[in-house]
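Please look at the sequence and the structure shown below before reading on. The paragraphs that follow lead through them step by step.

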Amino acid sequence: MDAIASAEVLVTCPARNFVTLKITTVDGVVGWGDATLNGRELAVASYLRDHIAPLLIGRDSARIEDMWNYLFRGVYWRKGPITMTAIAAVDMALWDIKGKVAGLPVYQLLGGAARDGVLVYTHASGTDIGSLMDDIAAVKERGFKAIRAQTAVPGVEGTYGVKHGKYYEPASTSLPEEQSWSTEAYLNFAPTYLAKVREQFGFDFHLLHDVHHRLTPMEAARFGRSVEDVKLFWMEDPTPADNQESFRLIRSHTTTPVAVGEVLSSIWDIQHLVSEQLIDYIRLSVTHAGGITHMKKVFSFAELYQVRSGSHGPSDISPVGQAAAIHLDMAIPNFGIQEYMGYPDLVADVFHGGPTYEDGYLHPSEVPGLGIDYDEEVAAKFEYAPKYLPVARRLDGSVHDW
Ligand code: EZ4
Ligand code: CO
């Protein structure tokens with residue numbers, strides 16, 4: 001047995017914060033796991049450092065399923081994003097180690113390639129319709145076959161999803177920024193600009209849109225129906241999924257496909273959404289939902305109901321988490337699409353290797369394990385900086401879902 005010798009938590013901020021778990025075995029094999037939870041980074045870092053690392057020492061690094069159950073059932077307290085992100089980091093690091101020991105990239109351990117590449121979508125946005133069109137043209141130029149479109153809503157300051165510069169980075173202030181929200185303004189404007197995108201660019205690419213939890217079920221039903229001619233690949237998070245039953249109402253009114261799950265963290269959070277076929281795509285991520293071990297089960301469960309994967313892949317999931325996602329995407333039969341935002345340039349100074357992008361697809365690294373190297377020396381130069389996600393308020397000053 002190759003026991004775990006050490007587990008270290010590394011926090012860095014190459015333009016944005018990342019938390020990374022480094023597990024080293026007695027034989028000297030190193031595994032990396034992503035533990036980044038945007039805006040709550042240090043809670044996961046402490047959970048790993050103070051409550052998980054001491055339990056890992058001396059345990060068999062090869063027993064991944066046993067470790068998952070030991071950490072999940074052993075905590076007694078159930079689920080939640082902090083716990084599930086911490087468990088995910090351990091899980092990813094152990095898969096990385098298993099791949100390195102086997103001399104195989106992780107997707108080979110998961111059953112091998114079920115496709116030639118991983119279809120990805122990236123983001124286009126604008127402060128108005130004109131700049132959205134320019135951005136879509138630029139994104140198409142880079143070969144993307146699937147594009148998410150978001151535009152600032154006139155009169156709604158700080159609309160979700162509008163880039164400032166090259167990347168959309170919502171966690172950008174040291175205290176939460178307060179943004180405004182008007183459902184009426186959004187519902188009047190969004191269907192119009194999405195229709196204009198199709199008028200200008202046609203239908204030969206996938207068009208996606210993120211509602212970001214802002215509507216009630218009936219408003220979401222109206223929105224979905226109003227964009228049916230636009231033929232969205234999906235409308236994302238049309239309403240909060242705290243009550244899974246909400247989606248039945250949306251479903252009964254529109255054929256616009258629905259994607260849900262980026263803020264959820266376990267198979268039980270999507271159980272009814274999937275088994276009652278209330279959604280089309282699951283957006284849970286490897287990083288925030290218990291790692292590869294748990295996500296493999298989520299997608300197998302979804303396969304029974306013809307629900308496909310559509311994993312969250314923002315720049316607040318580190319290249320380690322993104323690499324793990326691509327290995328899983330490669331191997332599952334019911335893959336749908338993968339989000340791929342990319343990273344600020346500095347990130348590549350810390351995280352080396354990983355999937356390669358070509359013509360709208362990502363391809364996993366063929367290096368054994370997850371295929372990412374973390375440069376500890378460079379990472380140490382970038383100190384953690386508190387950054388919070390914004391809070392949304394309606395025009396009357398009351399808090400809305402951000
Ligand atoms: O707001 O990851 O679909 N992508 C998203 C993201 C989330 C951020 C939050 O940290 O909704 O932009
Ligand atoms: Co989203």
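How many residues of domain 1 are in contact with residues of domain 2? In this predicted model, 32 residues of domain 1 touch 33 residues of domain 2. The domain assignment of the protein places domain 1 at residues 4–104 and domain 2 at residues 109–368. The C-alpha centres of domain 1 and domain 2 are 26 Å apart.

The area that is buried where these two domains meet can also be stated. Between domain 1 and domain 2, about 2,600 Å² is buried, and carbon and sulfur atoms give 68% of this area. On the side of domain 1, the residues that lose the most area to domain 2 are Arg16, Phe18 and Trp95, which together account for 20% of what that side buries.

The elements of domain 1 that give two or more residues to the side touching domain 2 are the strands β2 (18–25) and β3 (30–34) and the helices α2 (64–74) and α3 (81–102). Of these, α3 gives the most, with 12 residues. Sorted by class, the side of domain 1 that touches domain 2 has 16 nonpolar, 9 polar and 7 charged residues.

Side chains of opposite charge can pair when their charged atoms come close. Between domain 1 and domain 2 the count is 2 salt bridges. Elsewhere in the description of charged pairs, Lys297 and Glu65 are joined through their side chains in a salt bridge, with a distance of 2.7 Å from N to O.

The whole structure holds 17 salt bridges. In one of them, the side chain of Lys22 meets that of Glu376, at 2.7 Å from N to O.

Finally, the reader may turn to the ligand. Which residues are the closest to ligand 1? Ligand 1 is surrounded by 14 residues, and the closest are Tyr160, His212, Glu236, Glu262 and Asp316. An oxygen atom of ligand 1 lies 2.8 Å from an N or O atom in the side chain of Asp316. For the side chain of Asp210, the corresponding distance to an oxygen atom of ligand 1 is 3.1 Å. For the side chain of Glu339, an N or O atom is 3.4 Å from an oxygen atom of ligand 1.

Definitions and conventions
Residues are numbered from 1 along each chain as its sequence is written. Chains are lettered from A and ligands numbered from 1 in the order in which they are written. This is a predicted model: local features need pLDDT of at least 70, side-chain atom pairs count only at pLDDT 80 or more; totals for chains, interfaces and linings use all residues. Side-chain values use heavy atoms; hydrogens and water are left out. Domain bounds come from an automatic or database domain assignment. Contact means heavy atoms within 4.5 Å. Buried area is the accessible area (1.4 Å probe) that two parts lose on being put together, summed over both. A salt bridge is a side-chain nitrogen of Lys or Arg within 4 Å of a carboxyl oxygen of Asp or Glu. Helices (H or I, at least four residues) and strands (E, at least two) are DSSP runs, numbered from the N terminus. Ala, Val, Leu, Ile, Met, Phe, Trp, Tyr, Cys and Pro count as nonpolar, Asp, Glu, Lys and Arg as charged, and the others, Gly among them, as polar. A residue is near a molecule or strand if one of its heavy atoms lies within 4 Å of it. A polar contact is a pair of N or O atoms within 3.5 Å; within protein, one must be able to donate a hydrogen and the other to accept it, and residues adjacent in sequence count only if both atoms are side-chain atoms.
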